[in-house]
Amino acid sequence: MIQTGDPTNTGKGGQSIWGSTFPDEIRTTLKFNARGVVAMANSGPDTNKSQFFITYAKQAHLEGKYTIFGKVIDGADTTLDTMEKVPVSEKNRPLKEIKILDVTIHANPIAIATM
């Protein structure tokens, strides 16, 4: 997986748009069952800030611990493959900066209907 969303560029994260942590929104129907699942990173229950991660593969052991809020659909093969191939340091940080320059949000009418 790759973790991002750190505006401080320190690897320690930044504040949320609310200025403090915010609670988890875990849905048991959403699973870490595929490549490209997007979820909030945290340091324990209800400690979400600005960081999030994208999975490169299934991660069932993460279920119930992190708020899933999206899935990579466009570029799931090309973009994730490219990011996954970037060499990393001994601390698993990319040796070359990776920037997500553009994101398209697709509405999901099924998710809206079940909320």
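In which element is confidence lowest, and in which is it highest? Confidence is lowest in α2, at a mean of 52, and highest in β2, at 95. This is a predicted model; local features need pLDDT of at least 70, side-chain atom pairs count only at pLDDT 80 or more, and totals for chains, interfaces and linings use all residues. Residues are numbered from 1 along each chain as its sequence is written, and side-chain values use heavy atoms, with hydrogens and water left out.

**Confidence and elements**

- The protein has a mean pLDDT of 87, and 93% of its residues reach 70 or more.
- pLDDT is the predictor's confidence in each residue, from 0 to 100.
- Helices (H or I, at least four residues) and strands (E, at least two) are DSSP runs, numbered from the N terminus.

**Nonpolar cores**

- The largest nonpolar core has 8 residues: Ile2, Val38, Ile54, Tyr56, Val72, Ala76, Leu80 and Met83.
- A second, separate core has 7 residues, among them Ala39, Ala41, Leu62 and Ile68.
- A core here is a set of buried Ala, Val, Leu, Ile, Met, Phe, Trp, Tyr and Cys residues joined through side-chain atoms within 4.5 Å.
- Buried means under 20% relative accessible area, exposed over 50%, and partly exposed in between (1.4 Å probe, protein chains only).
- In soluble globular proteins, nonpolar side chains tend to be buried together.
- Val72 is in contact (heavy atoms within 4.5 Å) with Gly36, Val38, Ile54 and Leu80, leaving aside its neighbours within four places in sequence.

**Salt bridges**

- The structure holds 4 salt bridges.
- The criterion is a side-chain nitrogen of Lys or Arg within 4 Å of a carboxyl oxygen of Asp or Glu.
- Arg35, Asp81 and Glu84 are linked in a network of such bridges.
- Asp81 and Arg35 pair at 2.8 Å, N to O. Asp81 lies in helix α1 and Arg35 in the loop between β1 and β2, so the pair ties together parts that are 46 residues apart in sequence.
- Asp81 is partly exposed, with a relative accessible area of 31%. Arg35 also counts as partly exposed, at 23%.
- Glu84 and Arg35 pair at 3.1 Å, N to O. Glu84 lies in helix α1 and Arg35 in the loop between β1 and β2, so this pair ties together parts that are 49 residues apart in sequence.
- Glu84 counts as partly exposed, at 39% relative accessibility.
- Glu97 forms a salt bridge with Lys99, with the closest N and O atoms 3.9 Å apart. Both Glu97 and Lys99 are exposed.

**Asp6: buried charge without a bridge**

- Asp6 lies in the loop between β1 (2-4) and β2 (37-40).
- Asp6 is buried yet has no salt bridge. The nearest side chain of opposite charge, Arg93, is 7.1 Å away.
- For charge, Lys and Arg count as positive and Asp and Glu as negative; His and the chain ends are not counted.
- The side chain of Asp6 makes a polar contact with the side chain of Thr8, at 2.5 Å.
- A polar contact is a pair of N or O atoms within 3.5 Å; within protein, one must be able to donate a hydrogen and the other to accept it, and residues adjacent in sequence count only if both atoms are side-chain atoms.
- Not counting residues up to four places away in sequence, Asp6 touches Gly11, Lys12, Gly13, Gly14, Ser50 and Gln51.

- Asn48 lies in the loop between β2 and β3 (52-54). Asn48 counts as buried, at 0% relative accessibility.
- The Asn48 side chain reaches the backbone oxygen of Pro23 at 3.4 Å.
- Beyond its neighbours within four places in sequence, Asn48 has contacts including Ser20, Phe22, Met40 and Thr67.
- Ile100 sits in the loop between α1 (78-84) and α2 (109-114). Ile100 is partly exposed, at 44% relative accessible area.
- Ile100 touches Thr4 and Ile54, not counting residues up to four places away in sequence.
- Ile100 and Thr79 are 21 residues apart in sequence and 9.4 Å apart in space, C-alpha to C-alpha.

**Positive phi**

- Asp46, in the loop between β2 and β3, has a positive phi of about 60° although it is not a glycine. Asp46 counts as partly exposed, at 40% relative accessibility.
- Asn92, in the loop between α1 and α2, has a positive phi near 65°. Asn92 counts as exposed, at 61% relative accessibility.
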